[in-house]
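Me: Please take a close look at the pockets of this model, and at what lines them.

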Amino acid sequence: MKKVTKGQWNGYDTYILHSRELEVTLLPRLGNNVIRIWDHIQQRDVLRRPEESDLDFYLQKPYHFGIPLLIPPGRIRRGQFTYAGEEYQFDRNTANDNHIHGLHRTQAWRVSDIDEDDEGCAITTEFITSDDANWMRQFPVPLKLEMTLRLQGASLKQTFKVSHLGDRPAPFGLGLHTWFLLDGEPEQWKLKLPVSGIYTSDQELIPTGETAPLGELEALNEGLKLKGTNFDTLLHIGGKPVEADLIRGDGYGLRYSADAEYFKHWVLYTKGEADQFLCIEPYTWLPDAPNTGLSPSETGLIDLQPGQQLELNVRLDMIYPTEES
């Protein structure tokens, strides 16, 4: 069972990691997205997955399915900023001429390694940004991106390695827009998310750089019932554990966690009132980070130096009621 097999989605190769508990499907050549996690124990999909008929929508907005990678995450005002004397101009792709969700969309990643052992299985993929002229037009500093997915039992670990291949400092931010399913039963689910405040945003949904008290969302720290919630909310972790527990009434659920050194912010998004989905999104940088005037220690902006290699880790652990474990 601890193996990697190949499949297809709309004619594109997929790689499927297998354990007794989970089946994890990666689509390297269309954005390196984890497009499906199937839970064998509960016989359910964990993530919103794209159907074959969703190809056109997926190509337009791949960040609406699975575990899409955002580099950098969130909005940038008018897509423009200056860093280390260099002018950056990202495409304006929102209704009010801002940029959203970075340069990573449906680029083709290359599989560089597959590993299978007694404990689990893994796949490593890579992408060099200088191979993408559209990326370099907007972010003219070459990077090598690598991702390793390792499945071990009911745990999935994502390790991202970012290598700076250029000759001048570059700003870096990474986020994940992970679509967890609520199965149309939000009343059955609670979210525990240790956070300290809400980032206030202006009319264009860009952070002002200030934070506000949690108010009713203080309940996130102990466990908030999702029935009736409507999230498009940017939250400050503030030194608390970087972990989210999404638990169903019968004790089944998951823990989603990330490196505290780098991940400073969460975004929660329900696409309207909570029903089918809850996106739990770990971000390293605050959206519009280069323009906020705040320090990197506050925004989470990573100053990548020439030759530097950065490693980031995110982990998903399924939680089963005692009788199933």
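Reply: What follows goes through the pockets and then turns to some backbone details in the loops.

This is a predicted model, and the largest pocket in it has a volume of about 520 Å³. Its lining is made up of 25 residues, of which R75, I100, H101, L205 and D232 are the closest to the centre of the pocket. The elements that each contribute two or more residues to this lining are β19 (197-201), β22 (232-236), β25 (265-269) and β26 (277-283). Sorted by class, the lining of the largest pocket holds 13 nonpolar, eight polar and four charged residues.

The second largest pocket has a volume of about 190 Å³, and among the residues that line it are Q8, W9, T14, E23, R36, R49, E51 and E52. Two or more lining residues come from each of β1 (3-9), β2 (12-18), β3 (22-27) and β4, and by class the lining of this second largest pocket has four nonpolar, three polar and five charged residues.

As for the loops, Q43 sits between β4 (33-39) and β5 (44-45) and has a positive phi of about 55° although it is not a glycine; because its relative accessibility is 53%, Q43 counts as exposed. A84, in the loop between β8 (80-83) and β9 (86-89), is likewise not a glycine and has a positive phi of about 50°, and with a relative accessibility of 56% A84 counts as exposed. Finally, the loop between β6 (69-70) and β7 (75-76) contains P72, and the peptide bond that leads from I71 to P72 is cis, with omega near -10°.

Notes:
Residues numbered from 1 in each chain as written. Predicted model: local features only at pLDDT ≥ 70, side-chain atom pairs only at ≥ 80, totals over all residues. Heavy atoms only, no water. Helix = DSSP H or I, 4+ residues; strand = E, 2+ residues; numbered from the N terminus. Buried < 20%, exposed > 50% of the residue type's maximum accessible area, 1.4 Å probe, protein only. 1 Å grid on protein atoms, 1.4 Å probe; cavity = no way out; pocket = protein on both sides within 12 Å on 5 of 7 lines; lining within 4 Å. Points joined across faces, edges and corners; volume = space filled by probe spheres on them. Nonpolar A, V, L, I, M, F, W, Y, C, P; charged D, E, K, R; others polar.
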